[in-house]
Structures are given as structure tokens and as C-alpha cells.
Amino acid sequence: MKIPTLNAIKCGLLLCATLQVAAAQENTIAAREQAQSYFEANEPSKAVAVLAEAAEKSPQDHLVGGMLYAAIRDHLWHLPQILPVRQKGAIKALAFSPDGKKLASGSASGEVLISPTQPLEEDEAIKQRVTISQDGEVAGLAFSRDGKHLFVATKSSPAKIWDAAAAKADFTGPALDGEVTAFDVANGMDFVAIGTSTGAIQVLDIGAGKVTAEWKVPGGKVQALAFSHSGKRLATAGGDRTARVWNVETKEEIGKGITHDGAVLGVGFSYDDRYLLSGGEDKVAKLSNPEEGVQVMPVMKCGEVVRKVSVSPDGSRIATLLDDASVQLWDAFTGAKL
């Protein structure tokens with residue numbers, strides 16, 4: 001076999017480099033021509049996007065860079081504006097549709113508005129807005145996964161599931177025992193849970209339009225609720241100073257609960273559903289194994305009443321929202337304050 005000479009190798013490399021440069025030049029020329037056509041069609045955003053991509057691939061091309069700079073500098077950009085949504089009472093709950101194109105807002109008067117989120121002229125925005133009226137202050141809102149239905153929970157009336165486009169109630173839940181005091185939505189699912197001042201729990205399926213579970217928890221008023229990430233477990237914070245975990249399907253308690261020296265006000269799960277995070281009026285937060293009823297790390301002494309708690313998705317951090325309007329971060333493995 002004949003071995004190439006050094007000169008042959010150099011010529012081959014030079015030819016490859018020349019071809020690559022030629023190809024890059026052809027691409028930037030095509031990008032400039034496409035951008036120019038977008039400018040002529042009054043689509044400057046698309047033109048800038050094309051030029052930015054070309055400049056990233058060929059930073060040495062001064063013509064592309066000059067066109068991009070001139071486009072940003074000289075074009076009169078009309079920034080889109082989403083008009084404010086005003087309601088008859090204080091806003092108490094918000095929920096985006098899964099595609100982000102609609103925002104539901106519920107007020108203290110019971111008025112619920114479903115508004116488009118894209119920038120529109122005022123008349124068109126009002127035309128597309130859907131109005132729903134329910135009795136009592138809105139306590140929670142949630143869209144179904146397909147965005148076609150909206151779940152509305154109010155403090156004093158049965159929960160309803162509405163056709164989000166027609167503003168028609170497709171389902172009305174059974175009467176509640178007590179006033180709604182807590183609400184949560186299962187992440188990426190159609191399940192919602194509501195808790196009341198008497199300890200009653202309802203779990204509903206928005207997509208199917210039905211109640212899937214009802215039971216009562218000890219301790220009176222439900223202070224907070226939290227679905228696990230799988231949606232198979234539900235944590236309750238009760239006035240009896242105990243955080244409990246329940247199997248949503250069987251309605252049976254898992255373990256014997258995690259006790260505090262004051263009312264529990266916030267609960268949450270680790271991302272793998274294994275551990276329960278709780279905090280409350282005793283000014284501490286605890287990360288526990290609910291099945292065994294034991295803490296898995298030292299108590300986090302917060303110094304203020306703990307209102308809400310959360311575990312980061314990777315399980316390495318814990319956040320506590322305190323009564324003095326501050327947020328504290330903790331190491332989830334050691335319990336050390338960060």
C-alpha cells in the first residue's frame with residue numbers, strides 16, 4: 001500500500017479547510033438573504049433570529065454581525081403588552097392552563113375569570129375572556145390536563161368543574177362538611193384535594209368529573225395539604241399538632257404521624273415520595289420517614305413560625321417560609337442552615 005507523502009497530507013487538509021470555509025460562506029449568504037426577505041415582509045423578529053443563529057455559527061462574518069447590530073439598533077420594536085385583569089374582589093387563587101395560553105384568576109367575591117395570556121388589543125382580550133360566578137371566596141383553581149375544564153373550589157360552597165370555554169358547570173361535588181381551608185393539585189395530573197375546617201377531605205378527578213375519595217382526618221381543621229409527586233399519597237397538616245400521610249386510593253393512614261409542639265401549618269414531600277417535610281407554630285421543620293414515624297435528620301430550628309415548606313427536586317435543599325416574611329434554606333442531608 002502506498003503511503004501518502006507529507007505534502008499530500010497537507011494538500012488534503014488544505015482542501016478540506018477550503019471546502020468548509022466555502023460551505024460556511026454559502027450558509028451565511030443564505031442567512032443574510034433570508035433575513036432580508038423577513039425584513040421586507042415586516043417580520044423583524046424572525047429576521048433577527050436568523051441573523052443571531054448565523055452569527056453564532058460564523059462569528060468571523062462581519063456582514064452578518066453588522067446586519068444583526070443594525071437590525072436591533074434601527075428597528076422600532078413594539079413591545080407586546082398583556083393588559084391587566086381587574087376583578088370585583090381581591091385575587092385569592094391563580095392557575096395557568098397546561099399550554100400557558102390561559103390564566104384563571106379567582107377572587108374573594110366568587111368571580112373567576114379565564115383570560116388569554118397573549119398580547120391582544122383590549123376589545124379582543126375582553127371578547128376572549130370567560131367569566132364564571134360561584135358563591136363564596138375562591139380557595140383554589142386548577143385546569144384539567146387537556147385544558148378543557150377548570151376546577152373551582154370556594155370556601156363555603158361545593159366544588160365545581162366547569163367547561164372552560166362555555167362557562168358551563170359540568171360537575172358539582174357533594175356538600176362539604178365545614179369551610180374549605182386547604183387545597184392542593186397533584187403535579188401533572190387531574191387530581192385535586194380539598195380539606196375543611198372539620199377535617200373532611202375530598203379528592204376529585206377534574207378530567208373524569210367525579211369525586212374519587214372522601215374521608216375524615218383527626219385533629220379538626222386541615223391547615224395544609226400536599227400530594228406526593230406520584231399522586232399516590234396525600235399529606236395533611238392538622239390542628240392536633242400532627243402531620244399525617246394517607247394512601248389516596250385506600251384512604252388509610254401510612255404510619256402514625258409526625259408530631260410537633262404546635263399546630264402544623266405546612267407539609268411537603270421529597271421528590272421520591274419517601275420523606276415528609278413538616279413545619280408549624282413550634283418554629284421548627286422536620287424531615288421524617290412517615291412509615292416508621294422517625295426523623296431522618298436533625299430538627300431545623302427556624303426561630304419563627306413556619307408557614308410553608310418545600311424540598312428541592314434533587315433532594316439536596318429544603319426551603320422554609322417564615323412568619324416574618326423571610327425564606328430560609330437548609331441542607332437536606334445535615335439540617336445545617338445555608
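Visitor: What makes the lining of the largest cavity divide into nonpolar, polar and charged residues?

Guide: In this predicted model, the lining divides into four nonpolar, three polar and three charged residues. Those that line the largest cavity include Val 217, Pro 218, Lys 221, Asp 240 and Thr 242.

Visitor: Which elements give two or more residues to the lining of the largest cavity?

Guide: They are strand E14 (233–238) and strand E15 (242–247). E14 gives the most, with three residues.

Visitor: Why is the space of about 40 Å³ called a cavity?

Guide: A cavity is a set of points where a 1.4 Å probe fits but cannot get out, so the term denotes a space that the probe cannot leave. The structure holds one cavity of 30 Å³ or more, and the largest cavity has about 40 Å³ of space.

Visitor: What volume lies in the largest pocket, and which strand gives the most to its lining?

Guide: About 850 Å³ of space lies in the largest pocket. Among the 32 lining residues, Phe 183, Asp 184, Ala 224, Leu 225 and Lys 308 are the closest to its centre. E9 gives the most to this lining, with six residues. By class, the lining has 17 nonpolar, eight polar and seven charged residues.

Visitor: Why is Leu 338 called exposed?

Guide: Exposed means over 50% relative accessible area; Leu 338 has 53%, and is therefore exposed. Leu 338 lies in the segment after strand E24 (327–331). With Leu 321, Val 327 and Leu 329, Leu 338 makes a nonpolar surface patch of about 350 Å².

Terms used:
Residues are numbered from 1 along each chain as its sequence is written. This is a predicted model: local features need pLDDT of at least 70, side-chain atom pairs count only at pLDDT 80 or more; totals for chains, interfaces and linings use all residues. Side-chain values use heavy atoms; hydrogens and water are left out. On a 1 Å grid over the protein atoms alone, a cavity is a set of points where a 1.4 Å probe fits but cannot get out, and a pocket is an open set with protein on both sides within 12 Å along at least five of seven lines; lining residues have an atom within 4 Å of a point. Grid points are joined across faces, edges and corners, and a volume is the space filled by probe spheres set on the points. Helices (H or I, at least four residues) and strands (E, at least two) are DSSP runs, numbered from the N terminus. Ala, Val, Leu, Ile, Met, Phe, Trp, Tyr, Cys and Pro count as nonpolar, Asp, Glu, Lys and Arg as charged, and the others, Gly among them, as polar. Patches are made of residues with over 30% relative accessible area and no salt bridge: like charges are joined within 9 Å, nonpolar side chains (Val, Leu, Ile, Met, Phe, Trp, Tyr) within 5 Å. Accessible areas come from the Shrake-Rupley method with a 1.4 Å probe; for residues, only the protein chains shown count as cover. A salt bridge is a side-chain nitrogen of Lys or Arg within 4 Å of a carboxyl oxygen of Asp or Glu. Buried means under 20% relative accessible area, exposed over 50%, partly exposed in between (1.4 Å probe, protein chains only).
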